[in-house]
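Dear colleague,

Please find below the sequence and structure for your review. A summary of the findings follows.

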Amino acid sequence: MRIVKAETIALSIPFSDGGGAGAGLMPSKWDRLEITLVRLETDDGFVGWGEAFAYSCRTAVLAALNDMVFPLVIGAEVEDVAGFTGCLQRKLHIQGRFGVVLFAISGVDIALWDLAAKRKRLRLADLLGAKRERFPAYASLVRYGDPAMVEARARMAADQGYGAVKLHEITLPNIEAGRRGASDTKLMTDVNCNWSEDETRKLLPEMKALGLHWVEEPIWPPDDTDRLAALGREFGVPLASGENAGTAQPFARIVEAVNFPQPSVTKVGGVSEYLKVADLARAAQRDVMPHCPYFGPGYWASAHLMAAGEGGMFEFLHIEADAWLSPSIPLPDGGEIALPTGEGLGFEPDMAVIERFRAD
Ligand SMILES: [Mg+2]
């Protein structure tokens with residue numbers, strides 16, 4: 001297929017987390033979903049959609065797409081998607097092997113897989129070998145930093161039927177509050193690298209006592225896989241990591257170091273690199289837990305990968321957006337998501353939503 005047109009659409013959609021302060025997870029107050037869409041068009045009229053991760057970096061990702069990646073995409077003949085985006089990585093490696101460059105390449109890779117499936121008149125999951133039509137999702141709560149709120153939101157998620165709830169809390173009283181709220185479900189917490197060595201050593205035994213299903217990115221820096229592996233062994237607590245790793249290469253170590261590798265399809269290099277991570281995880285007998293707290297085509301791509309058997313639980317960011325980008329978004333119901341219908345990703349944006357929330 002020949003790509004004849006490539007464009008970006010940036011959106012900023014407000015969301016509600018039910019009364020949180022929007023503090024702690026992003027550099028500034030987090031109350032909007034920043035979604036960067038990649039739209040590719042082929043010479044025979046197919047349209048493919050992708051999403052590049054863009055939280056707190058929208059302008060930079062748009063520049064990477066428009067100035068660096070698209071000039072290499074427009075006019076290109078693409079048959080082997082992974083081979084093609086691998087070439088993009090090589091041509092742009094001086095500008096970065098992770099961060100905005102790879103976020104941009106991820107968006108193009110997802111759009112190319114959408115096209116590849118559409119041209120075969122298949123859903124992406126079927127192109128990849130779908131193994132299931134439904135899969136479990138867990139509720140991923142924002143950081144509330146307030147025990148009463150944490151307990152209430154964890155209880156709400158458990159009552160909605162989720163079999164697992166993930167906090168982003170980093171203090172013991174807040175994590176204990178989450179345990180009280182979600183007393184009968186699996187419970188995880190995502191530390192986002194906030195604990196010092198001392199805090200980690202003090203808190204991991206507490207996490208074990210609370211029966212946490214995993215502790216995510218406890219230490220800084222996230223790529224210190226040797227120390228992660230040693231902490232997991234010493235304290236016997238399952239660990240998770242990988243959303244801040246670019247390409248499949250570092251996952252060779254991550255799948256050995258932690259119990260749950262977490263590639264993010266909009267960051268890791270798209271579907272192509274995610275599939276390589278899944279192969280590594282399978283060989284190491286680890287369950288992939290996709291990082292996917294976003295709501296553009298990356299959400300749809302993660303769902304297809306889950307249906308193809310490449311993931312244990314789908315991460316659903318437990319928020320209410322002012323609008324969903326497509327009325328066909330496969331939202332969790334009773335803690336489960338049903339595979340989207342429609343060829344390719346099955347993603348077709350609502351143009352009225354784009355018009356209302358466009359931010360570029
Ligand atoms: Mg995380």
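Rings of Phe, Tyr and Trp, with the six-membered ring taken for Trp, count as a pair if their centres lie within 6.5 Å. In this predicted model, such ring pairs link Trp49, Phe135, Phe295, Tyr299, Trp300, Phe314, Phe316, Trp324 and Phe347 into a cluster. The whole structure holds 17 aromatic pairs. One of them joins Phe53 and Phe103 edge-to-face, at 5.2 Å centre to centre and with 75 degrees between the planes. Phe53 is in the loop between β3 (47-52) and α1 (58-73) while Phe103 belongs to helix α3, so the pair ties together parts 50 residues apart in sequence. Both Phe53 and Phe103 are buried.

Turning to the metal site, the magnesium ion has Asp190 (OD), Glu216 (OE) and Glu243 (OE) as its protein donors, at 1.9 to 2.1 Å. Their spacing in sequence is D-x25-E-x26-E. Glu216 sits in strand β7 (residues 214-216), and Glu243 in the loop between β8 (239-241) and α9 (251-257), 27 residues apart. Glu216 and Glu243 are both buried.

With kind regards

Key
Residues numbered from 1 in each chain as written. Predicted model: local features only at pLDDT ≥ 70, side-chain atom pairs only at ≥ 80, totals over all residues. Heavy atoms only, no water. Donors = N, O, S within 2.8 Å, 3.2 Å for Na, K, Ca; no water. Helix = DSSP H or I, 4+ residues; strand = E, 2+ residues; numbered from the N terminus. Buried < 20%, exposed > 50% of the residue type's maximum accessible area, 1.4 Å probe, protein only. Phe/Tyr/Trp six-rings, centres within 6.5 Å; stacked < 30°, edge-to-face > 60°.
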